[in-house]
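Hi there,

Here is the structure I promised to hand over. Have a look at it first, then read on for what turned up.

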Amino acid sequence: MRFRITLFIILLVYGCAGTYKNALKADKPDQKTAAAPLSLKADDKKIAAMFNNGLKNIKDDPQAALAIYKDLAILAPDRWEIYYNTAVIYIKLNEMKNAEEEMLRAIRRRAPQAEAYSALGTVYAGMGSNAKAAEAFERALNHSKSLNTLINVANVYQTMGQNEKAVKYYRQAESLEPENQIIHYNMGILFYKMGRLKRAHEEFSKAADYVKANIKASHSLAQTLLKLGEYEAALNILKEAAGKYPDDQDTYKYMGIIYEIYMDDMENAALNYNTYLSKGGSKVKDVEIWIDIVKTKTQLNG
Amino acid sequence: MRVEINIKNNLEREKDTRPAALYRSLSRNILIPAAVCLLFSALLPSCKTVEKSSSIITKTADEERLLMKVKEWEEYLNTGKSEAPDSFIATLSRITDEYLGARELLFKKEMENYERQMSLFQKGELKKEPKEPRQDYSVLISHFKILIEQYRYRNGADAIYYALAYALYEQGERDKAIEVFEHLLRNYPKSNYFLEVSFRLGEFYFETGQMPEAMGAYSRVSTTPQSVFYEKAVYKLGWVYYKLDDFKKAVDAFMTAADMERGLGEEAVSSVVMSLSRFGTMEEAIQHLRNKGIRKYTPLVLAMLGDRLAEETRYEAAIIVYMGIQELFPDSPLLPFISEKTAELYERIGNEEKSLTTRWELMRNYSPKTSWYAKNYPGGSEASVDNLVSRTMVSISKKYHIKGKNNGNTEDIARAIDGYRIFLASYPKSTELKEINLLLAEALFDTKNYREAASAYEKTGRLYPEEQQRADIAYSAFLAYEIMFYQAVEDKMESVKSIENLLEAYKADFSKDDRLDKMLYKVADMYSQSGSSDKAKEKLTLLMKGKNPQPAYEKIAELYIKEGNLKSAEDAYLKLRDISKDQNSKKGELAGLRYKIAEEYLKAGKEKDGISKLEQAYNTDPGSRTGEAALIKLGSIYIRNRDMSNLENLVNLIIRNYPGSEGSVSLLVEGGKKLEKEDPLTAARLYESASAVSPHTKDAIKLLRAAGMLYEDNSADAKAELLFKKYLQENMETGDSEAEIRYRLGIIQINMGKKNEGRETLSALLEGKEADERFSAMARLLIIKEKQLAYYELKLTQPFEETLKQKTQQLESLLNDYSQIAEYKIPELLPETFFQMGMAIENFRDSIINSERPGDMSKEEVEEYTLLLEEKAYPYDEQAVKTYEKSLTVSRKQQIYNEWVEKSIGRLAGLRPALYKREFESRDVEPLFIYPEPVSMESNL
């Protein structure tokens with residue numbers, strides 16, 4: 001345990017030593033780590049065994065994996081893979097600053113540029129440093145136009161409001177894998193934000209499987225359809241979502257709104273608003289008023 | 001041929017000099033008394049011809065001695081009477097013979113002298129014409145007439161009669177002479193002179209045309225076969241029958257003479273032939289011969305008969321006779337010749353087919369390998385037969401060969417093959433062996449027996465020492481093997497192996513010209529087709545080192561292409577180009593190849609290499625279709641990569657180099673489609689460019705429209721306006737499309753601030769006779785909205801009443817206009833119409849509330865004034881809500897939902913939030929990132 005703490009401190013020291021900009025310029029291996037004492041090196045087989053052990057734990061026990069990789073960084077300080085995977089673990093843990101440091105170390109140890117800068121881009125994106133993220137992704141793209149990098153860089157540009165660039169990269173990604181639903185979903189979001197509802201609807205339709213499997217995506221699609229005047233279709237999407245995720249309160253609220261405002265169906269509107277409340281919807285006050293209005297409208301309609 | 005000549009000679013003799021022939025025969029073959037001989041010479045002038053021989057003249061040259069003989073006879077005639085009568089007659093008979101002989105010889109001398117004198121006279125060397133001498137037997141005649149009276153009953157009197165008849169005949173007193181002969185026959189039936197005189201009388205009667213008498217006279221002789229006159233008499237009897245048209249009896253008589261096999265044998269045979277030729281039909285003649293029984297000379301007779309008939313141009317009859325020979329004498333040595341003559345006759349009568357088949361039979365039946373030949377020439381050969389049969393074999397086989405080639409009948413060529421083969425088997429030492437072997441090979445080739453043909457060519461090739469011919473023949477073998485190769489379904493390599501052997505055997509011959517190279521190319525091709533690519537290349541490698549390596553490089557390039565080794569193929573073409581020193585050599589092929597290589601690169605994901613190769617393909621053959629295809633392919637890549645800058649440069653290149661090409665339009669359109677969503681302005685530019693270069697007006701206009709709409713949709717109003725105007729100028733078709741564009745143009749113009757122009761455009765749309773109601777309504781709506789803007793601008797200022805009135809009028813006018821729009825009953829326009837009406841009403845309300853206050857009011861008055869205004873405005877608030885709700889109701893009813901419905905709800909949410917403001921905003925939706933996955937280390941250790 002003490003040994004691990006020591007390692008952690010060493011890593012922090014090394015991690016703080018590098019900055020992003022330096023790392024981008026540092027194509028050569030880090031002289032300090034490259035010159036690590038031979039005595040710290042262990043038998044290759046042992047390192048491999050530890051590395052793989054860490055790899056197995058990343059998904060289910062990232063903390064344990066993290067500890068292994070920190071030990072490994074001492075045993076084999078010149079192996080970029082160790083830092084790369086450590087960064088991946090930090091990303092999973094949403095510890096983006098740590099992730100940034102580890103990824104920069106991996107880059108200094110000659111990690112493949114395309115993969116490393118792409119991963120670094122996701123770190124920056126996670127940190128909200130969109131400009132840095134875009135720069136890292138672009139740099140990765142200079143080495144290889146990988147699908148993931150293209151999607152991610154497009155996402156960053158979307159977030160930055162640089163919609164044309166975003167579309168351009170989504171298209172490039174699409175040309176590599178036309179059926180990729182993530183691309184189409186992201187494009188759907190982009191077009192929705194841009195107010196290009198028809199295009200948004202088209203893209204969401206191409207990502208149908210993903211949309212159905214994701215409640216937020218379903219809401220986005222329903223919203224798009226509603227704005228396109230396809231309120232029955234929107235209602236169907238929501239009904240389907242309610243079937244799949246019956247505990248999602250918002251779905252009922254949205255259905256209630258459609259019934260009340262767009263379809264003048266007060267009975268179903270009341271039913272869904274009530275369901276929203278019964279499922280523990282947070283907007284209790286608002287929805288209770290709406291229910292009263294619905295009742296009044298029902299009375300007025302006779 | 002010998003037989004033919006004899007027959008002909010005999011016939012001529014028989015026809016023209018029959019008597020002479022008879023007497024020549026007599027003088028040669030019969031031993032007769034001198035008196036008889038003298039008598040003959042007296043009787044017939046021709047006999048004199050015989051006696052004119054120099055030997056006779058030489059023996060009687062002693063004129064003195066002859067005169068003595070004459071004198072002795074004359075003296076004895078005077079003195080002998082004193083002797084005893086029998087002695088006198090006997091002696092007289094003897095010396096009369098000598099006397100007659102001496103007189104004859106002396107007369108000849110006189111004639112010779114006369115002829116010489118006459119010759120001199122004719123030459124003018126003798127002035128007086130000589131007198132022709134005449135034989136004078138008057139002394140004998142006068143004395144013997146007396147003597148026969150005195151001694152008629154004495155022995156030997158018949159001799160006196162005979163001498164008297166002779167002298168009378170010589171003296172020219174023929175009737176008296178015949179009387180004396182007839183008297184002699186009547187009165188001395190046992191005379192030694194009986195048969196002789198009968199025959200002479202027969203001859204006389206025959207000469208004078210007294211055939212019955214001649215028949216009687218000859219018949220008397222024909223009863224005595226022992227007589228020396230028997231053969232002649234029978235022979236002459238045949239002639240008598242012939243003269244009397246009794247040809248059967250004539251044949252019988254002539255055959256009797258022929259059967260004797262004496263001096264008249266040949267004449268008799270000829271006469272048989274002659275008589276047979278006069279039969280009614282030749283079948284009858286042949287049957288008669290058969291009835292008479294086959295003789296040794298029968299085949300000859302029939303052969304002569306056939307020849308005679310042929311000479312008389314009685315060809316069909318001759319053929320019947322020749323056929324008869326073949327039937328009667330199947331083993332006759334004459335048969336080959338008879339067949340040949342038969343074939344010739346068939347030719348003469350124009351029956352080529354029969355002629356051919358006859359010769360075909362000749363060839364098959366009389367070759368040295370036949371039983372006929374073995375029977376006739378056991379253990380030996382006959383040159384004349386061999387010559388005929390071999391010649392026939394060659395000619396008939398060639399004829400069948402040519403015929404078969406001309407008419408395409410393989411059966412004829414098969415016969416030719418048969419003939420050639422029989423010839424080769426029968427005459428292995430023939431000088432024509434080479435030619436026939438070659439012909440056999442050709443015929444086999446012609447009948448598509450390529451395997452045998454090839455073998456025959458090879459065999460023939462070995463017979464020819466001549467290099468050029470040998471090479472030609474061997475090349476034919478090559479061709480046969482080549483065809484075998486291409487016809488073979490399995491085991492094609494067998495042919496290739498044979499060709500390899502052939503090439504080895506005749507390499508030196510083939511090397512004399514360029515054939516070896518050609519053959520090697522073909523062999524390489526065969527190897528290639530058999531899947532032996534390496535062997536093919538081996539052959540081609542040999543050729544690459546030759547004088548003309550270009551085709552080899554070309555071929556090897558093709559092989560590489562076939563193998564799919566395009567890079568090596570490209571290298572081969574480049575090498576070829578270097579060798580030929582012509583940079584344009586094979587540029588089409590090279591360009592095509594590079595295009596294919598580029599396709600492979602692209603398929604393998606090597607885009608950069610693919611682009612480079614496509615550029616090479618274009619540069620290799622810039623003006624070609626391949627070049628154009630390469631550019632178009634490049635364009636597709638640029639489109640895929642959304643590299644529009646390069647795409648546009650490339651399109652310009654296509655336009656420059658391929659003015660009529662539609663590739664540029666296709667690329668621009670394809671690029672436009674690709675970018676329509678993500679980069680609509682670029683897409684619009686591409687469509688615009690495509691429109692400019694499209695050769696088809698309709699397409700150009702459609703592209704113009706698409707470009708304009710994209711510009712419009714993406715706020716490039718100036719460009720959109722330009723293109724829409726152009727569209728309206730160039731589009732010849734009216735209708736919805738034109739109305740829509742006009743409508744859109746109107747919107748753009750208004751949006752651009754060109755309000756007047758916009759209004760004019762929209763007015764033009766409304767004025768259009770065939771304007772679509774929908775666009776008319778939309779245009780009207782747009783015009784009203786413009787009007788509405790003016791309405792919005794109108795503020796309620798002081799004097800309030802006045803401006804209120806104006807604003808009220810404008811509101812009413814607007815609402816009235818919108819009501820008219822509603823009358824179009826275009827459902828999708830209704831929500832907007834109501835929304836706009838609601839907006840106008842809201843504006844009126846706001847205008848009242850925000851109207852200019854009078855300047856001279858106190859604060860309290862202002863507050864009171866404001867309350868009054870609010871009261872006045874409130875109904876409009878309610879009216880606006882109702883109008884928006886109307887929009888909502890209509891949309892539900894018409895199942896129409898668009899931005900105007902959404903806007904109406906928005907306004908209702910603003911005006912009546914409790915009723916209409918509902919939260920339908922999900923939490924901020926963000927795009928999904930793809931997070932990195934951990935990497936494995938194993939491979940790096």
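A salt bridge here is a side-chain nitrogen of Lys or Arg within 4 Å of a carboxyl oxygen of Asp or Glu. One such bridge joins D264(A) to R892(B), with the closest N and O atoms 3.8 Å apart. Across the interface of chain B and chain A, the rule finds three salt bridges. On chain B, the elements that give two or more residues to the side touching chain A are α46 (859–894), α47 (899–911) and α48 (913–916); helices are DSSP runs (H or I, at least four residues), numbered from the N terminus.

A note on the basis: this is a predicted model, where local features need pLDDT of at least 70 and side-chain atom pairs count only at pLDDT 80 or more, while totals for chains, interfaces and linings use all residues. Residues are numbered from 1 along each chain as written, chains are lettered from A and ligands numbered from 1 in written order, and side-chain values use heavy atoms, without hydrogens and water.

How many residues does the contact take from each chain? Chain B gives 35 residues and chain A gives 64, contact meaning heavy atoms within 4.5 Å.

As for confidence, pLDDT is the predictor's score for each residue, from 0 to 100. Chain A averages 84, and 86% of its residues score at least 70. Over residues 1–42 of chain A, though, pLDDT stays under 50.

Lastly, S205(A) sits in helix α13 (residues 197–206) of chain A.

Enjoy exploring!
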